[in-house]
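I opened my notebook to go through one chain from start to end. Here is what I looked up, entry by entry.

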Amino acid sequence: MPGLNEGSLIDEVRIHVAAGNGGNGIVAFRREKYVPLGGPSGGNGGPGGSVYLEATPDTNTLIALRGGKHFRADRGGHGGSKNKQGAAGKDVVIRVPLGTEVYDDGTGDLLADLVAPGDRVEIVAGGRGGRGNAAFAGPINQAPRIAERGDPGQERWLHLELKLLADVGLVGLPNAGKSTLLSVISAARPKIADYPFTTLQPSLGVVELDGGYSFVAADLPGLIEGAHEGAGLGYQFLRHVERTRVLIHLLDGSSADPVGGYAQIRRELAEFDPAMMEKPELVAVSKMDLPEAQEALPALQEAFAEKGISLFPISAATGEGVRELLGAARRTLEELPPVEVEPILPEINPRALDEADAAVRVFRRADGAWIVRAPWLERLSRRTAWNMPEAVERFQRTLDKHGITATLEEMGVEAGDTVIIGGAELEWQR
């Protein structure tokens with residue numbers, strides 16, 4: 001029976017993503033033999049490549065992304081003469097498992113929730129290419145010597161969390177036999193040993209039944225009291241239970257108090273999210289190959305019958321009762337409506353300018369430097385080629401037009417003072 005993986009599932013990683021910078025526009029003029037007064041022909045720079053995250057069923061782990069990996073898209077090509085547009089930078093596509101939630105590592109904001117095959121989000125956008133001098137030509141200035149630099153690409157640290165999209169979740173106290181059962185019913189090979197907390201990461205396996213029917217089962221780490229508050233594996237366990245459709249609750253038939261263990265698990269699920277209590281549940285008693293489990297079974301059946309629950313006695317070691325349990329899981333799944341989880345695929349690109357974006361702040365730093373802040377003006381500063389006199393004059397006209405020059409002078413700026421706008425340190429000369 002094919003399994004999705006053979007080993008522990010890595011369900012949290014932190015990565016850095018950076019889009020490519022836009023290419024620069026250039027200043028160029030037509031130089032053709034029979035066109036002595038050729039006009040401007042400097043082409044625009046190409047846009048930088050973006051970084052995308054895409055959900056795929058081909059993997060169920062984030063293990064390939066662990067270790068704080070960095071992903072960077074290509075920068076856009078610079079513009080060329082004869083109005084040649086710079087080449088667009090190559091995008092980077094990072095493929096992640098279904099059920100991956102994407103958070104901004106700095107703010108904790110949820111950026112995307114990728115749940116279906118092909119769900120894709122542009123998580124950082126490539127920089128816009130700078131315009132060449134052909135774009136600045138007009139009736140007044142027919143031979144401009146001005147071009148723009150490309151915008152920098154966006155970049156950020158991301159925190160990725162995987163919430164399993166399994167059909168059946170195996171739950172129970174530590175050492176209840178969940179990993180052993182998964183290894184028997186699928187080709188998954190979780191780490192198994194006879195001590196608590198062997199399973200520190202969930203494992204997935206595909207269970208194939210007669211008639212070509214199959215479902216995905218998840219062996220979920222054991223709970224301890226207080227898990228809903230983060231104790232033990234806490235949320236690392238509980239968030240995976242959220243998206244499973246059916247729970248198989250495994251009781252250790254050889255333990256001292258299976259009924260108390262069952263109540264503890266149900267209590268932790270309810271404290272984490274009351275909706276968990278509405279999930280269909282099958283209750284199985286494991287380790288029926290052991291004499292003590294066989295002796296305890298009648299009393300257990302009587303206790304659970306009072307709750308209206310029928311038990312499935314099983315032994316993963318001998319296979320006893322396993323087929324009956326899987327058949328019941330299949331029937332339960334077939335009775336449920338299909339799961340429809342809406343993906344969160346926000347638009348990551350910057351919004352159009354609004355009133356807050358247009359506002360300009362001017363203040364003086366303790367070291368005497370003047371700071372001018374406004375997103376739109378900082379973008380213009382980054383695009384300005386400061387080695388081109390016409391570009392500098394254009395920037396100065398923008399300051400004059402929006403009253404920024406007058407504001408600085410009213411606040412006491414003097415010749416020789418440093419004015420910082422969008423990372424450019426300028427010397428005031430008026």
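**Entry 1: overall count.** I began with the elements and found nine helices and 18 strands in the chain. Helices (H or I, at least four residues) and strands (E, at least two) are DSSP runs, numbered from the N terminus. I'm working with a predicted model, where local features need pLDDT of at least 70, side-chain atom pairs count only at pLDDT 80 or more, and totals for chains, interfaces and linings use all residues. Residues are numbered from 1 along each chain as its sequence is written, and side-chain values use heavy atoms, with hydrogens and water left out.

Next I looked up burial: 49% of the 430 residues count as buried. Buried means under 20% relative accessible area, exposed over 50%, and partly exposed in between (1.4 Å probe, protein chains only). The accessible surface of the chain is about 21,000 Å², and carbon and sulfur atoms hold 49% of that. These areas come from the Shrake-Rupley method with a 1.4 Å probe; for residues, only the protein chains shown count as cover. I also checked contacts (heavy atoms within 4.5 Å). Among those with a separation of 6 or more, 71% join residues 24 or more positions apart.

**Entry 2: the five-strand sheet.** Which order do the strands take here? I read S3-S1-S8-S5-S6, an open sheet with mixed pairing. Strand S3 (70–72) and strand S6 (110–114) are the edges; each has a single partner strand, so one side of each lacks a neighbour in the sheet. Neighbouring strands are turned by 25° against each other on average, direction ignored. For such angles, axes are lines fitted to C-alpha atoms, for helices over the stretch in contact, and angles run from 0 to 180 degrees between N-to-C directions.

Strands count as paired if DSSP finds at least two bridges between them. Strand S1 (residues 12–18) pairs with S3 in the parallel sense over three bridges, and His16 has His70 in S3 as its bridge partner.

Entry 3: Lys82 has a positive phi of about 60° although it is not a glycine, and it lies in the loop between S3 and S4. Lys82 is exposed, with a relative accessible area of 65%. Asn83, in the loop between S3 and S4, also has a positive phi of about 60° without being a glycine. Asn83 is partly exposed, at 48% relative accessible area.

**Entry 4: the cores.** A nonpolar core is a set of buried Ala, Val, Leu, Ile, Met, Phe, Trp, Tyr and Cys residues joined through side-chain atoms within 4.5 Å. Which residues touch the most other members in the largest one? I noted Leu53, Ile94, Ile123 and Leu160, out of 24 residues. S1, strand S2 (51–56), strand S4 (92–97), S6, strand S7 (120–124) and strand S8 (155–162) each supply at least two residues of this core. Leaving out residues up to four places away in sequence, Ile94 touches a list that includes Ile15, Val17, Leu65 and Phe71. Another core of 23 residues lies apart from this one, and Phe312 and Leu333 are among its members.

Entry 5: S9 pairs in the parallel sense with strand S11 (residues 214–219) over three bridges and with strand S12 (residues 246–252) over four. Gly169 has Ala218 as its bridge partner in S11, while Leu170 has Ile248 in S12.

**Entry 6: helix H9.** I finished with H9 (residues 404–411), where Ile404, Thr405 and Leu408 are the buried residues. They cover an arc of only 105° around the axis, so they sit on the same side of H9. That arc is taken from the directions from the helix axis to the C-beta atoms. The buried residues of H9 pack against several elements, including helix H7 (375–383) and helix H8 (389–401). Just after H9, Gly412 takes a positive phi of about 105°.
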